[in-house]
Each structure stands twice: as structure tokens, then as C-alpha cells.
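Please work through the following exercises with the model at hand. Each task is followed by a worked solution.

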Amino acid sequence: MRLPTAPDGSRGCSALARYTGEQIAGTAGRTVGWLLIEHPGPWRHPAFSSPGLDRDVVSALAARITGHDVRPQLIKRPGAQRGGDGPRRAYLAHVSRTSPWVRRIDFTDQAELAGIDVTAAERPEPPDFGVPVDHTLYLVCTHAKKDPCCAVLGRPVAAALAGTEAEVWETTHVGGDRFAANLVALPQGAYFGRLDPESAVDTVTVFERGRIVPGNFRGRCSDSSAVQAAEAALRARLGAVGTDEVTHLGEEDTPEGVRVTLGHDRGLYTVSVAREEGDACPATCSALEPSRPVHHRVTEIEGLPVRV
């Protein structure tokens with residue numbers, strides 16, 4: 001594979017995106033439901049064609065989530081070796097600003113997963129099965145078969161986070177290879193990118209205290225790209241770092257783009273966001289042709305007084 005190369009000689013789609021300073025805010029893929037299945041690997045691309053997975057179970061799960069907003073992922077402990085016996089874990093997670101939840105399902109045979117209502121991850125009411133999880137799960141993309149940048153940059157990040165008290169998993173493709181190393185916090189749905197081991201530990205440490213490091217924040221996967229970009233811009237304007245300090249109140253399409261309404265203790269704000277094509281760039285290391293990513297650029301932030 002001939003890797004994209006930046007003018008400074010650094011190689012990989014993520015290196016080129018860093019060099020050009022491609023906008024990172026507003027780039028989290030939109031998903032509210034997550035299905036995580038522990039599988040040490042090896043991982044192929046697509047992930048659910050990986051060896052060691054039960055074909056009948058995979059087919060049943062795929063049929064069940066078709067047409068539903070549930071994202072399937074494979075996960076493994078940082079540095080986990082292939083194979084191995086013993087119980088494994090699966091998780092269902094629902095991402096929401098108001099009603100997030102996670103349920104853990106322990107299994108010894110993959111066939112046990114076929115009987116689970118995985119579409120429950122779409123719904124704000126948690127199911128009556130599984131074990132409630134009251135802490136954050138951190139997923140680091142290390143999917144080498146999808147993109148080399150994810151593995152080369154993601155594995156050191158996962159290893160560094162494994163030394164913290166947070167629950168950390170390596171995972172398959174989460175989107176945005178060129179922003180590697182990528183980290184997702186569930187069930188909050190917060191995406192972070194362009195991490196290295198040091199900044200990843202800082203990001204998780206701060207997030208555990210209810211704060212967001214703004215520079216690496218891609219957005220929340222429960223929000224549209226326009227809302228993600230608007231929230232990032234407003235946070236920068238106000239110096240707001242609290243995880244729930246900014247609330248999403250509404251959005252509407254306009255001839256110029258999208259008009260987003262956000263709330264904060266200081267008042268209400270309307271943020272105008274324009275859609276525009278970015279410069280041509282390789283979306284992944286394996287892209288045969290460059291593409292023009294759609295960026296969401298904030299053009300105006302207007303403050304409105306709160307009516308009492």
C-alpha cells in the first residue's frame with residue numbers, strides 16, 4: 001500500500017490531515033445504539049467477517065439490526081492475544097444527552113448472543129436484561145485491516161489508557177481514520193481524535209471529572225455534524241469545558257446551512273453553520289482517489305437573553 005505523504009515527509013492519512021489542519025469538530029459519525037462484542041481476533045475488514053466468529057450468529061445479528069440505528073463493533077482488551085477460552089463480554093449502549101445507558105452481557109458461547117434483543121440499544125429505556133454499567137467505557141480504534149493509522153497510532157494510546165483506572169477496550173473501525181488515534185466514550189457518545197498516549201490519558205482523566213478537552217473533541221455521535229460543530233465553537237467562545245455545560249435545544253435548515261440553538265448558564269445562543277466542501281484529501285490510507293469531505297463551518301454566534 002502506498003501511504004499518503006504530507007509535504008513534511010510524514011506518512012499516512014492522519015499525518016496529512018494533521019499537516020493541513022483539517023477541521024476535527026463536527027466529524028463524529030451519528031449513531032445512538034451500540035453493540036459491542038468481545039472477540040480477541042484477528043480482525044478483518046469488514047470486522048464481522050473475522051475468523052473465529054460464528055457465521056450463523058453473525059448473520060442473525062446482522063439481520064436483526066438491519067434498518068435499525070445500532071452500530072456493531074468488535075472489542076478486545078488492550079494487547080489481548082488471539083483466541084483463548086473463558087467467558088467474554090458484550091455490551092449494549094444507548095447514547096443520549098438525557099437518558100444514556102449501558103448493559104453488560106456475559107457469554108461463554110456466541111450462540112447466546114443470537115437470542116438478545118440488540119435493537120434495544122436504540123431506545124432510551126434500558127432493557128430488563130444484562131447488568132447495568134454505571135461507568136464510562138472507552139473505545140480506542142486499533143483496526144489495522146481498515147487503516148494502518150488506526151493501528152500504529154491507536155495501539156500505544158490503548159496501552160497507555162490500560163494503565164489508568166478507566167475501563168478501556170480496543171475496537172474496530174469507529175469512523176474518521178484520518179483523525180487517528182480515535183477514542184469514543186460510551187454512553188456519552190463523545191468522540192476524540194488526534195490523540196497520542198499523553199493527550200489520551202489527559203483526555204480520559206479530565207473526562208472522568210466531568211470535563212471535555214476541547215482541542216481533541218470531534219463531537220457527540222447523538223448529534224448531527226452541524227450541532228457538533230456549533231457546540232465546539234460555542235465551547236471555545238465561552239471557555240466551557242463541563243461535559244453537560246452546553247445543551248442542544250434545536251436546529252433548523254436555512255438557505256445558508258443550519259441554524260442551531262444551544263443553551264448555557266449564560267443564556268441562549270443561536271449558531272449559524274454553513275456546509276462546505278473541504279480540500280481534496282484521502283479519507284483513508286487505502287483510498288484510491290481523494291475525496292472532498294463536507295465540513296461544517298460556524299459563521300456566526302448570536303447570544304440571546306434568557307427570558308424569565
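The model is predicted: local features need pLDDT of at least 70, side-chain atom pairs count only at pLDDT 80 or more, and totals for chains, interfaces and linings use all residues. Residues are numbered from 1 along each chain as its sequence is written, and side-chain values use heavy atoms, without hydrogens and water.

**Exercise 1.** Determine the strand order of the sheet and identify its edges.

Solution. Strands are DSSP runs of E with at least two residues, helices are runs of H or I with at least four, and both are numbered from the N terminus. Two strands pair if DSSP finds at least two bridges between them. The ten strands form an open sheet with mixed pairing, in the order β5-β4-β3-β1-β2-β7-β6-β8-β9-β10. β5 (131–132) and β10 (217–220) each have a single partner strand, so one side of each lacks a neighbour in the sheet.

**Exercise 2.** Describe how β8 pairs with β9, and state which strands helix α3 touches.

Solution. β8 (residues 183–186) and β9 (residues 190–192) run antiparallel and are joined by three bridges. Within this pair, Leu183 stands opposite Phe192 of β9. Helix α3 (residues 148–162) packs on the sheet and touches β6 (137–141), β7 (167–171) and β8, where contact means heavy atoms within 4.5 Å.

**Exercise 3.** Locate the cis peptide bond that involves Pro187.

Solution. The bond from Leu186 to Pro187 is cis, with omega near 10°. Pro187 lies in the loop between β8 and β9.

Terms used
Axes fitted to C-alpha atoms, helices over the stretch in contact; angles between N-to-C directions.
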